[in-house]
Amino acid sequence: MSNLTTEELKGLSETLGAEKVLIQKYKNYAKMTADPTIRAMCEQLAGQHMNHYDTLMMNFQ
């Protein structure tokens, strides 16, 4: 990976943090609902954000 500037690292760190928040929120929403359709949608969204997080981490290392 190329060298990142301090500003780029800060942006990456903020994006990773935001993805972690979204993962946790959608997991919590899935637990809170009794509607199986909404639960599945929330779990799918949590998975998408987990993929985003994992992709960013692969490029960060």
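## Report on a two-helix chain

The chain contains two helices and zero strands. The model is a predicted one. Helix 1 covers residues 6–32 and helix 2 covers residues 36–60, with a loop between them.

**Overall dimensions and surface**

The radius of gyration of the chain is 14 Å, whereas a compact globule of 61 residues would have a value near 10 Å. Along the principal axes, the C-alpha atoms occupy a box of roughly 45 × 15 × 10 Å. Values for the whole chain are gathered below.

| Property of the chain | Value |
|---|---|
| Radius of gyration | 14 Å |
| Box of the C-alpha atoms | roughly 45 × 15 × 10 Å |
| Accessible surface | about 4,700 Å² |
| Distance between the centres of positive and negative side chains | 10 Å |

Carbon and sulfur atoms account for 57% of the accessible surface. Of the 61 residues, 16% count as buried. The charged side chains comprise 6 positive and 7 negative ones, and the centres of these two sets are 10 Å apart.

**Contacts along the chain**

Considering contacts between residues at least 6 apart in sequence, 59% link residues that are at least 24 apart.

**The loop residue Thr-33**

Thr-33 is placed in the loop between helix 1 and helix 2. This residue has a relative accessible area of 17%, and because the cut-off for burial is under 20%, Thr-33 is classed as buried. When residues up to four places away in sequence are left aside, Thr-33 touches Ile-38 and Arg-39.

Terms used:
Residues numbered from 1 in each chain as written. Predicted model: local features only at pLDDT ≥ 70, side-chain atom pairs only at ≥ 80, totals over all residues. Heavy atoms only, no water. Helix = DSSP H or I, 4+ residues; strand = E, 2+ residues; numbered from the N terminus. Buried < 20%, exposed > 50% of the residue type's maximum accessible area, 1.4 Å probe, protein only. Contact = heavy atoms within 4.5 Å. Rg over C-alpha atoms; globule rule 2.2 N^0.38 Å. Areas by Shrake-Rupley, 256 points an atom, 1.4 Å probe, with all protein chains shown as cover. Lys, Arg positive; Asp, Glu negative; His and termini not counted. Charge placed at Lys NZ, Arg CZ, Asp CG, Glu CD.
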